[in-house]
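Look over the sequence and the fold before reading on. The paragraphs below take one region at a time.

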Amino acid sequence: MDGSLGAGGYAEAILEVSSPDGRLLGFDLDEESISRTQARLQTYGERFRCWHAGYHQAVGILGSVGVDRVDGIVIDLGLSSDQLEDTNRGFSFRYSSPLDMRFDRTQGKSAEDLLIDLSETELERIIFEFGEEPKARKIAQRLKEAVKRGILTNTHELSNIVLKSVGRKRGKIHPATRVFQALRIAVNDELSNLRRGLEELPGLLNEHGRLCIVSYHSLEDRLVKTIFKDLARQVEKWKVVTRRPLRPSLEETRTNPRSRSAKMRVIEAL
Ligand SMILES: C[S@@+](CC[C@H](N)C(=O)[O-])C[C@H]1O[C@@H](n2cnc3c(N)ncnc32)[C@H](O)[C@@H]1O
């Protein structure tokens, strides 16, 4: 099972190595990714099947089609390059886009709705916790002011307000990066979905089946580490395969800079 299909890079690789009869079941919250990947991987016929749904909903969906066990699960968290570069989605401050940021555009509140609905204190907490941004209070205050004046409707405005609140760009990371990340995590309820996935998905694994999670954010990695550790207390049932998370090689970070912060942790059902 691939819990976050995206463009289907992992899925295709798994289908190739599990040839001729391995099956891959895929999920993604993004309807457009699902249709594109479904069309692209059509050549694999019945070996590939996918759903427009979250990995955190997979147990129920697979149960309804008679699948109660799988041999392996991979979840590559975060957002895809296609999403980041889509000028209509609002994930990047490099383009002027509407403030959407939803993985699933068929439901839920957009980042703009969230900025309107949240109180200043709630917004501050999100920016501080999910963005690990020390100047969260000032940013939240300025953002709420801009919302009230009706001047916060696209990603460039958001990015400019953050820049004005924290001062000039220092170091390599643009100051708006953390705020965009925080809002995206909140809009998509990413940590609750991850928690639910980590609680439910291990139960799907066959003997010696593995659950692999690739995360890009310290809060996600911490959650994965803690829940895997808790499971591994039942020593006869679970084994943490990665004592330390696997990191990309220097060569990989050169050819694929977005892999820079990736950490992969793996647990195995005994
Ligand atoms: C980093 S990309 C995956 C890229 C993929 N490994 C590939 O080879 O192309 C992350 C994907 O996870 C999806 N996603 C985020 N949260 C999800 C969830 N709870 N359930 C399913 N998909 C999710 C996003 O829509 C995005 O397409």
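Is Met 101 buried or exposed? Met 101 is buried, because 26 other C-beta atoms lie within 10 Å. The cut-offs are these: buried takes 20 or more other C-beta atoms within 10 Å of the residue's own, exposed takes 12 or fewer, and partly exposed falls in between, with C-beta atoms placed from the backbone. Met 101 sits in the loop between α4 (81-85) and α5 (111-117). Its phi is near 70°, a positive value in a residue other than glycine.

Two notes on the source. Residues are numbered from 1 along each chain as its sequence is written. The model is predicted: local features need pLDDT of at least 70, side-chain atom pairs count only at pLDDT 80 or more, and totals for chains, interfaces and linings use all residues.

His 208 also has a positive phi, near 65°, and is not a glycine. His 208 belongs to strand β4. It is exposed, because 11 other C-beta atoms lie within 10 Å. Helices (H or I, at least four residues) and strands (E, at least two) are DSSP runs, numbered from the N terminus.

Now turn to strand β1 (residues 24-28). Five of its five residues are buried, so β1 is largely enclosed by the rest of the structure. In a regular strand, side chains alternate between the two faces of the sheet. Both faces of β1 are covered. Leu 24, Gly 26 and Asp 28 are buried on one side, Leu 25 and Phe 27 on the other. β1 pairs with strand β2 (residues 48-52) in the parallel sense, over five bridges. Pairing requires at least two DSSP bridges between the strands. Leu 25 has Arg 49 of β2 as its bridge partner. From β1 the chain passes through helix α2 (residues 31-40) to β2, a right-handed β-α-β crossover. Right-handed here means that, with the strands pointing away from the viewer, the path from the first strand over the helix to the second runs clockwise.

The peptide bond from Ser 19 to Pro 20 is cis, with omega near 5°.

What holds the most contacts inside the largest nonpolar core? The residues are Ala 11, Ile 73, Leu 211 and Ile 213, in a core of 34 residues. Such a core is a set of buried Ala, Val, Leu, Ile, Met, Phe, Trp, Tyr and Cys residues joined through C-beta atoms within 7 Å. Elements that each supply at least two residues include α1 (9-17), β3 (70-76), α10 (190-200) and β6 (263-269). β4 gives the most, with five residues. A second, separate core has 29 residues, among them Ala 136, Ala 140, Val 166 and Ala 186.

Around the ligand there are 21 residues. Ser 4, Gly 6, Gly 9, Gly 54 and Asp 76 come nearest. A residue counts as near if its C-beta atom, placed from the backbone, lies within 6 Å. α1 and β1 are the elements that give two or more residues to this shell. The shell divides into seven nonpolar, eleven polar and three charged residues. Here Ala, Val, Leu, Ile, Met, Phe, Trp, Tyr, Cys and Pro count as nonpolar, Asp, Glu, Lys and Arg as charged, and the others, Gly among them, as polar.
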